[in-house]
Amino acid sequence: MRAPLIAGIALALLAGRALAAPPEYFPPANAASPFSEAVRAGDLLIVSGQLGVRPGQPAAFEDEAKRAMDNVAAVLGRHGASMNDVVKCTVLLTDMGKFAAFNSVYVGYFKPGHLPARTAIGVGALAAGAAVEVECWAYLAPRD
């Protein structure tokens, strides 16, 4: 089970345990963005919130949610991880009435019985007019 692993990671971070190596910051494809697409800190890869909007291309909520999840998977893949490594997600929704619709998309990205811990938050607005944003944390094998 990964629940003890998550608790151990959290306790180690709270206790101020030194990381084996300094964090690595991975810039986004769009160099003008003022954030990293992901940061590796010890055995964790933290993926910045991903949107599923395409400027000038309105989409159904489910399509936007799928693109956001696909974007998370793509960032993970670029840094040696997959959706199977995800231990925690935070989901931001501008309409909590879409919670069930989001869940129907979300569960398709994980193996049955292998769902990460998750927080879902209703917000007033998101960047680029998005309806959903997804941030994930993944556990990676320890560095050599």
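1. Let's start at the largest pocket: α2 gives the largest share of its lining, four residues. Here a pocket is an open set of points on a 1 Å grid over the protein atoms alone, where a 1.4 Å probe fits and protein lies on both sides within 12 Å along at least five of seven lines; lining residues have an atom within 4 Å of a point. Helices (H or I, at least four residues) and strands (E, at least two) are DSSP runs, numbered from the N terminus.

2. A word on the source: this is a predicted model, in which local features need pLDDT of at least 70, side-chain atom pairs count only at pLDDT 80 or more, and totals for chains, interfaces and linings use all residues. Residues are numbered from 1 along each chain as its sequence is written, and side-chain values use heavy atoms, with hydrogens and water left out.

3. Back to the pocket, which holds about 390 Å³ of space; that volume is the space filled by probe spheres set on the grid points, which are joined across faces, edges and corners. Its lining has 15 residues, and Pro-28, Ser-33, Phe-35, Gly-49 and Gln-50 lie nearest the centre. Both β3 and α2 supply at least two lining residues each.

4. Now for the overall layout. The chain has three helices and six strands, and along the sequence they follow the pattern α-β-β-β-α-β-α-β-β. The six strands make an open sheet in the order β1-β2-β3-β6-β4-β5, with mixed pairing; two strands pair if DSSP finds at least two bridges between them. At the edges are β1 (24-26) and β5 (117-122), each pairing on one side only.

5. β2 and β3 run antiparallel, joined by four bridges, and they form a hairpin with two residues between them, where Gly-42 in the turn has a positive phi of about 65°. Six bridges link β3 to β6, again antiparallel, with Leu-45 partnered by Ala-138 in β6. β4 and β6 are antiparallel too, with seven bridges, and Val-86 stands opposite Ala-138.

6. Which strands does α2 lie across? They are β2 (38-41), β3, β4 and β6, and α2 runs at about 150° to β3. Angles run from 0 to 180 degrees between N-to-C directions, using axes fitted to C-alpha atoms, for helices over the stretch in contact. α3 lies across β4, β5 and β6, at about 150° to β5.

7. The largest nonpolar core has 29 residues, of which Leu-45, Met-69, Leu-76, Phe-102 and Val-132 touch the most other members. Such a core is a set of buried Ala, Val, Leu, Ile, Met, Phe, Trp, Tyr and Cys residues joined through side-chain atoms within 4.5 Å. α2 makes the largest contribution to this core, seven residues. In soluble globular proteins, nonpolar side chains tend to be buried together.

8. Finally, have a look at Ala-81, in the loop between α2 and β4. Is Ala-81 buried or exposed? Ala-81 counts as buried because its relative accessibility is 10%; buried means under 20% relative accessible area, exposed over 50%, and partly exposed in between (1.4 Å probe, protein chains only). Leaving aside neighbours within four places in sequence, Ala-81 is in contact (heavy atoms within 4.5 Å) with Leu-45, Leu-76, Ala-138 and Leu-140. The C-alpha atoms of Ala-81 and Ala-138 are 7.3 Å apart, although 57 residues separate them along the chain.
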